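Please read them beside the coordinates.

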Amino acid sequence: MLPNERGPGQAIVIGGSMAGLLSARVLSEHFEKVIILERERLPEGPEARKNAPQGRHIHALLEAGLTVLDGLFPGLVQDLVHEGADLVDLARDAAWFQSGSWKVRYEGGPQSILVSRPFLEWKVRARVTSLPNVEVWQGYGVEELLTDASRTRVTGAKVKGPEGERMLEGGLVVDTSGRGSRAPHWLEELGYGRPEEEQVGIDLGYTSRLYERPANFDAWKILVVNGRAPEAKRSGFISNVEGGRWIVSLNGYFGDHAPTDDAGFLEFARGLPSPHLYEYIRDAKPLSTPVSHKIPTSRWMHYEKMARFPEGFVLLGDTVCALNPVFGQGMTVACLGAKLLGEKVARARTSPGGLHAGLARGFQKELSKIVGLCWFLTTTMDLAYPEARGKRPFGLKAVQWSVQNMIDLTSLDAKACHAFYEVLHMRKGMEGLLQPGFVSALMAYNLRSLFVPREQRANLTTLPPAPGRTASPAAPNERDVAA
């Protein structure tokens, strides 16, 4: 064993993914040194990491997440755009077939940036590692947590790397190691018990590949096709990314997963609930072979509910809640969690008790409010499938009926669609859907749905044109498609 590594004002971050990088960035303002412990060797360029296979698939960044990134790394968004990413108005630039109806398109919606996950992570990692007080220890994993004699405060971690084991002390330990986190085991060993675990079984499979983007194509910058539960179990996405490319991701629930051969990939796309995605890619030029990734469950570890919790230890990102990636909330939740961590540490630094006067428990409780909104939105939709395994609260079917009606309403009503986007992109909480104008419009629509067939009260067939156009350009060879 090597001598103990000591550092006054030192913080430890477990995991070097987006959540870990963002945590290190906010902690760099409050500690003399921040050490990121990463088990794998990180790529030199914008390549997918071995321990993050989901990185090869489509990723979304909601407006709330983009705002955090822009604040933490001034100039990053402009840098990404300069290198080929698209900064988009999602109400204008997205063609979205959600739950069986097309979203109305208009100007002035939430902003997002369309970029591949490896490219974004590479750019963020370069910014973080350029900070003079941040170090990345590659090839290091955590064996156990270190505590004071009373086991009420985490004081560091026992780590193992290429040079053997060492005791690494830190005033704060942050676990961002993802779904594979050993935190439940560590806490149980320390006498705190295990956190309550909530799961929804979805048996989701993603298959993705890159295509060359057709020259001068501007009908949309991202196309999303989501089927209506419980009948349709497939979804598909095409998004602009850097390098003049499209990333295409096909996903399916409950074992209905897209194959990785060329013909099978296209045939799966043909079976989506709208023909548009298939028509756009069937003659496009592939740039990579299809790759797959499977996600059996959405999972929320309720650390905020534990009867006791040690000081000096916090958790965020997928370590706490791994959401269904179809809804594109994971990176944004990581951004908001890191922002909250920075705010909590800043306040704790000026309080009488410092970092060890309720910071850890307080952080987990506040983080659960951010996670809770996303969990509600995603699981409400997923539990509409009878095959989904998970707790179904009383009144769920009524909520799902109203949510489906809300989605159909947003296919024709731009004001309702804007209110929906504001909640989805976390400009507002659920109170955004309680505005009098929106509530009255939804109630009227709910009533209408009892008497008027769905095809007469929602846009189920026609891909809306971008604002200012009379029609969207047809996909290649779309002449024979029944829209």
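1. Is Tyr 280 buried or exposed? Tyr 280 is buried, at a relative accessible area of 2%. Please keep in mind throughout that this is a predicted model.

2. The count of aromatic pairs comes to 18. One of them joins Phe 217 and Tyr 280 in an edge-to-face arrangement, with 5.6 Å from centre to centre and 80° between the planes. Phe 217 belongs to the loop between β12 (196-212) and β13 (222-226), while Tyr 280 belongs to helix α8 (residues 276-281), so this pair ties together parts that are 63 residues apart in sequence.

3. A further pair is formed by Phe 254 and Tyr 385: the ring centres are 5.6 Å apart and the planes stand at 65°, so this one is edge-to-face. Distant parts of the chain are linked here, 131 residues apart. Phe 254 is in the loop between β15 (245-252) and α7 (262-270), and Tyr 385 is in the loop between α10 (359-382) and α11 (396-409). Both residues, Phe 254 and Tyr 385, are buried.

4. Trp 96, Tyr 106, Phe 420 and Tyr 421 make up one aromatic cluster. Lys 103 sits over the face of Trp 96, a member of that cluster, at 4.9 Å from the ring centre. Elsewhere, Arg 209 is placed over the face of Phe 265, at 5.6 Å from the ring centre.

5. How many disulfides are there? The count is zero. For Cys 374, the closest cysteine sulfur is in Cys 321, at 7.9 Å, which is too far for a bond. The sulfur of Cys 417 has its closest cysteine sulfur in Cys 374, 18 Å away, also too far for a bond. The cut-off behind this reasoning is 2.5 Å between the sulfur atoms.

6. On the accessibility of these cysteines: Cys 374 counts as buried at 2% relative accessibility, and Cys 417 is buried with a relative accessible area of 0%.

7. Which residues make the nonpolar surface patch of about 490 Å²? Trp 401, Leu 447, Leu 450 and Phe 451 make this patch. Phe 451 is found in the segment after α13 (436-449). With a relative accessible area of 66%, Phe 451 is exposed. Tyr 280, from the opening point, is by contrast buried.

Definitions and conventions: Residues are numbered from 1 along each chain as its sequence is written. This is a predicted model: local features need pLDDT of at least 70, side-chain atom pairs count only at pLDDT 80 or more; totals for chains, interfaces and linings use all residues. Side-chain values use heavy atoms; hydrogens and water are left out. Patches are made of residues with over 30% relative accessible area and no salt bridge: like charges are joined within 9 Å, nonpolar side chains (Val, Leu, Ile, Met, Phe, Trp, Tyr) within 5 Å. Accessible areas come from the Shrake-Rupley method with a 1.4 Å probe; for residues, only the protein chains shown count as cover. A salt bridge is a side-chain nitrogen of Lys or Arg within 4 Å of a carboxyl oxygen of Asp or Glu. Helices (H or I, at least four residues) and strands (E, at least two) are DSSP runs, numbered from the N terminus. Buried means under 20% relative accessible area, exposed over 50%, partly exposed in between (1.4 Å probe, protein chains only). Rings of Phe, Tyr and Trp (its six-membered ring) pair if their centres lie within 6.5 Å; planes under 30 degrees apart count as stacked, over 60 as edge-to-face and the rest as tilted. A charge sits over a ring if NZ of Lys or CZ of Arg is within 6 Å of the ring centre and within 35 degrees of the ring normal.
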